[in-house]
Amino acid sequence: MKKVGIMGGTFNPIHIAHLILAENAYEQFGLDEVIFMPSKRPAYKDLNDVIDEKYRQEMIELAIAGNSHFRIDTMEFYREGNTYTADTLLELTDKNPDVEYYFIIGADSLFQLERWSRPEVVMALSHIVAAKRNDEDDEDVVAKIKDLKEKYNATIDLLKIPQMDISSSMIREKRQQDKSVRYYVPMEVEQYMKENHLYENTDV
């Protein structure tokens, strides 16, 4: 079966940690490709500071250009109401029954996974890949993986990644403070944000 990774999220904006995470998942699990799938209305997130889909899509396209095993899929932009991973995986597996999907998340999300809409569907239809950060206790993460495997017969593996304290909220804050985001995002994304005045402090 074809092995396809999915990187979900608002990508508000996309940054180098997203790209490094996706590349490490591609290599560690022998994936055929990684799909960047921006969300329209994730139920768990305050959408007040999430910019228009057009800008987020174009920044992703700029960031992944030149990487033949990265691509973008905007299917969630066209769904009404809140965006749920279970719906996305149901649609994808219906269309592509010969594909095994690897859903890439932060290890912190493992502790929230059972609060997602239909977590049993998410874990039945995807191989969960959890990227661990420094601030997460090894024993707690391992125990949570064991618990989810037993409850849901889930397939979950840890992804080894370099530790990077970079987030989209950090990028937005730096932009609002008129600070440089060079090297936090690809050069083309930095230029795009400047040209389109994204995340700037409108009170200045």
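The mean positions of the 25 positive and 38 negative charges of the chain are 1 Å apart. In this count Lys and Arg are positive and Asp and Glu negative, with His and the chain ends not counted; each charge is placed at NZ of Lys, CZ of Arg, CG of Asp or CD of Glu.

The model is predicted: local features need pLDDT of at least 70 and side-chain atom pairs count only at pLDDT 80 or more, while totals for chains, interfaces and linings use all residues. Residues are numbered from 1 along each chain as its sequence is written, and side-chain values use heavy atoms, with hydrogens and water left out.

**Overall form**

Seven helices and six strands make up the secondary structure of the chain; helices (H or I, at least four residues) and strands (E, at least two) are DSSP runs, numbered from the N terminus. Along the sequence, these elements follow the pattern β-α-β-α-β-α-β-α-β-α-β-α-α. The radius of gyration, taken over C-alpha atoms, is 17 Å, close to the 17 Å that the globule rule gives for 204 residues, so the chain is as compact as a globular protein of that length. That rule is 2.2 Å times the number of residues to the power 0.38. Taken along the principal axes, the C-alpha atoms fill a box of roughly 55 × 40 × 30 Å.

The accessible surface of the chain comes to about 10,900 Å², and carbon and sulfur atoms hold 45% of that area; areas come from the Shrake-Rupley method with a 1.4 Å probe, and for residues only the protein chains shown count as cover. Of the 204 residues, 46% are buried, where buried means under 20% relative accessible area, exposed over 50%, and partly exposed in between (1.4 Å probe, protein chains only). Among contacts (heavy atoms within 4.5 Å) with a separation of 6 or more, 75% join residues 24 or more positions apart.

**Nonpolar cores**

A nonpolar core is a set of buried Ala, Val, Leu, Ile, Met, Phe, Trp, Tyr and Cys residues joined through side-chain atoms within 4.5 Å. In soluble globular proteins, nonpolar side chains tend to be buried together. The largest core here has 33 residues, and those with the most contacts inside it are Met7, Ile14, Val34, Phe36, Met59, Leu159 and Met193. At least two residues of this core come from each of helix H1 (16-28), strand S2 (33-38), helix H2 (53-64), strand S4 (99-106), strand S5 (127-131) and helix H7 (187-195). H1 gives the most, with five residues. A second, separate core of 25 residues includes Ala86, Ile105, Val122 and Ile156.

**Individual positions**

The contacts below leave aside neighbours within four places in sequence. Met193 is in contact with Pro13, Met59, Ile171, Arg175, Val181, Val185, Leu198 and Tyr199. Ile171, placed in helix H6 (residues 168-176), is in contact with Pro13, His15, Ile166, Val181, Tyr184, Val185 and Met193. The C-alpha atoms of Ile171 and Asp140, 31 residues apart along the chain, are separated by 29 Å.

Pro13 belongs to the loop between strand S1 (2-9) and H1. The peptide bond from Asn12 to Pro13 is cis, with omega near 5 degrees.

Ile35 is part of strand S2 and is in contact with Val4, Gly5, Ile6, Met7, Arg71, Ile72 and Asp73. Ile35 and Pro97 are 62 residues apart in sequence, and their C-alpha atoms are 17 Å apart in space. Thr88, in helix H3 (residues 85-95), has contacts with Met37, Met75, Glu76 and Arg79.

Two residues other than glycine have a positive phi. Tyr183, in the loop between H6 and H7, has phi near 75 degrees. His197, in the segment after H7, has phi of about 55 degrees.

The table gives relative accessibility for the residues discussed.

| Residue | Relative accessibility | Class |
|---|---|---|
| Ile171 | 0% | buried |
| Ile35 | 1% | buried |
| Thr88 | 3% | buried |
| His197 | 55% | exposed |
| Tyr183 | 68% | exposed |
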